[in-house]
Amino acid sequence: GTTGGASLMSPADGQNCQGATGPEKVFEVTPAVSGYLTAYIPSQSTNMDSVLYAKTSCGAADQLLCHDNVGTPSNDGEGLISFRVEAGVPVLIVVDGYQGPDNGDFDLSLDLSDGDTCADPVPLTIEGDARIVVTGNTAGEMSNGASNAQCSLSGSGPDIVYEIVTVSGGNYQLDLSPTSHNSVIYARSDCGDIGTQLDCDSPINSNDSSIGLNVENGETVYVFADGTSNNSGPYVLEIQH
């Protein structure tokens, strides 16, 4: 699509967004089944400094997630958000411009995955340097096993699987923060093979967990948002490069 015209909407500050004041395009997305909706604007397909966010309605205080990237090859034009949606419940996906008259062409990709198994992980393509925030809920999901002995075989609770592709190599920090349960986070190079585990964390005295990964350009890793024993619930996953 192409943005242009008047600016009628703006994300709230926070969540790595500074309040877009450019013109926007609004898409109403209604999922046929429940799962994880991932919206992605590749940096190479946009010629403007874009901001991508999701809302439950056109109201001012109903923002779900927002992403305004920096350090991408094409005018900071990449955007990535991912969150759980329910069957038949519409959400608004907004492609906006960062400042004033900032507008241009874009490609918006939408993916709906269940995230529950390695057969249908949630896809995240990481570009640029800005912090990426995605949200989810492991309650009611199945378990894909556990981490290896590095984390004392913890992580046997329900989990959500992310397939992460890194456009730029380097060091990545991933922080998992649940609302009220003890979390475990781990990464593998092969989703279904526990022997390919790259890193894991299962802290004893904290619900939060984090790992660091050093990856190559274009490398794919699988990250599990998990819980100890049968612990599960809502969480926030932050990725920083």
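This is a predicted model: local features need pLDDT of at least 70, side-chain atom pairs count only at pLDDT 80 or more; totals for chains, interfaces and linings use all residues.
**Entry 1: strand β5**

I number residues from 1 along each chain as its sequence is written, and side-chain values use heavy atoms, with hydrogens and water left out.

Strands here are DSSP runs (E, at least two residues), numbered from the N terminus. I count two strands as paired if DSSP finds at least two bridges between them. Strand β2 (residues 35–41) runs antiparallel to β5, and seven bridges pair them.

How many of the seven residues of β5 are buried? I take buried as under 20% relative accessible area, exposed as over 50%, and partly exposed as in between (1.4 Å probe, protein chains only). Six of the seven residues in β5 (residues 79–85) are buried, so the strand is largely enclosed by the rest of the structure.

**Entry 2: Gly88**

I moved on to the loop between β5 and β6, where Gly88 is found. Gly88 has a relative accessible area of 48%, so I log it as partly exposed. For contacts I use heavy atoms within 4.5 Å. Leaving aside neighbours within four places in sequence, Gly88 is in contact with Thr30 and Pro31. I also checked Gly88 against Asp105, 17 residues apart along the chain: their C-alpha atoms are separated by 29 Å.

**Entry 3: aromatic pairs**

I searched the whole structure for aromatic pairs and got two. The test takes rings of Phe, Tyr and Trp (its six-membered ring) with centres within 6.5 Å; planes under 30 degrees apart are stacked, over 60 edge-to-face, and the rest tilted.

Phe27 and Phe106 make an edge-to-face pair, 6.3 Å centre to centre with 85° between the planes. This pair links distant parts of the chain, 79 residues apart: Phe27 lies in strand β1 (residues 24–29), Phe106 in the loop between β6 (91–97) and β7 (109–113). Phe27 has 33% relative accessibility, so I count it as partly exposed. Phe106 is buried, at a relative accessible area of 3%.

Tyr186 and Phe224 are stacked: 4.8 Å centre to centre, 15° between the planes. They too link distant parts of the chain, 38 residues apart, with Tyr186 in strand β12 (residues 183–188) and Phe224 in strand β15 (residues 220–227). Both Tyr186 and Phe224 are buried.

What sits over the ring of Phe224? The charged end of Arg188 does, 4.6 Å from the ring centre. My criterion is NZ of Lys or CZ of Arg within 6 Å of the ring centre and within 35 degrees of the ring normal.

**Entry 4: the five-strand sheet**

I traced an open sheet of five strands, in the order β8-β10-β15-β12-β13, with mixed pairing. β8 (122–126) and β13 (197–201) are the edge strands, each pairing on one side only. The twist from one strand to the next averages 20°. Axes are lines fitted to C-alpha atoms, for helices over the stretch in contact, and angles run from 0 to 180 degrees between N-to-C directions.

β12 and β15 pair antiparallel over six bridges. Ala187 stands opposite Val223 in β15.

**Entry 5: the four-strand sheet**

I found an open sheet of four strands with antiparallel pairing, ordered β9-β16-β11-β14. β9 (132–137) and β14 (209–215) stand at its edges with a single partner strand each, so one side of each has no neighbour in the sheet. β9 and strand β16 (residues 234–240) run antiparallel, joined by six bridges. Val134 has Leu237 of β16 as its bridge partner.

**Entry 6: Ser229**

I looked at the loop between β15 and β16, which holds Ser229. Ser229 is not a glycine, yet has a positive phi of about 50°. Its relative accessibility is 46%, so Ser229 counts as partly exposed.

**Entry 7: cores**

I define a nonpolar core as buried Ala, Val, Leu, Ile, Met, Phe, Trp, Tyr and Cys residues joined through side-chain atoms within 4.5 Å. The largest has 25 residues; Leu124, Tyr162, Ile164, Leu174, Leu237 and Ile239 have the most contacts inside it. A second, separate core has 16 residues, including Met48, Leu65, Val95 and Val133.

I then listed what Ile164 touches, not counting residues up to four places away in sequence: Leu124, Ile126, Leu174, Glu219, Thr220, Val221, Val223 and Ile239.
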